[in-house]
Amino acid sequence: PLTLRTIVELYRLTEGKVPLVACGGIGCDPEREPAEEIFDYLARGAALTQVHTGLIYRGPGLARRVHQGLLRLLDRYRLNSISDAVGYHAR
């Protein structure tokens with residue numbers, strides 16, 4: 001939650017002109033699908049997310065799972081690319 005709030009505030013303060021990187025526990029929440037968590041960070045202004053700890057907890061299959069999940073989310077929101085998702089909820 002702290003990382004997400006920080007991303008939102010920094011995106012607002014920089015008017016989206018500075019690429020932000022979200023990291024720290026992403027993909028570790030057993031209650032959430034990793035792609036949905038990553039999309040939340042992107043949609044609120046992160047240009048990049050790191051999932052190092054998520055890989056430790058969920059294993060190397062995480063990359064495929066995130067990729068497939070992000071494709072579904074792009075389709076759901078009718079976005080053409082991940083770049084279109086950056087700041088989506090901030091618009």
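I looked for disulfides first, taking a disulfide as a pair of cysteine sulfur atoms within 2.5 Å, and the count came to zero. Cys23 is in no disulfide, and its nearest cysteine sulfur, that of Cys28, is 12 Å away. That distance is too far for a bond.

I noted that this is a predicted model, where local features need pLDDT of at least 70, side-chain atom pairs count only at pLDDT 80 or more, and totals for chains, interfaces and linings use all residues. Residues are numbered from 1 along each chain as its sequence is written, and side-chain values use heavy atoms, with hydrogens and water left out.

Next I checked exposure (buried is under 20% relative accessible area, exposed over 50%, partly exposed in between, with a 1.4 Å probe and protein chains only). Cys23 is partly exposed at 36%, and Cys28 is partly exposed at 22%.

Then I turned to the rings. I paired rings of Phe, Tyr and Trp (its six-membered ring) with centres within 6.5 Å, calling planes under 30 degrees apart stacked, over 60 edge-to-face and the rest tilted. My search of the whole structure found two aromatic pairs. Phe39 and Tyr77 are stacked, at 4.9 Å centre to centre and 15° between the planes. Phe39 is buried, with a relative accessible area of 2%, while Tyr77 is partly exposed at 27%. Tyr77 also pairs with Tyr88: the centres are 5.4 Å apart and the planes at 70°, so I logged this pair as edge-to-face. Tyr88 is partly exposed at 27%.
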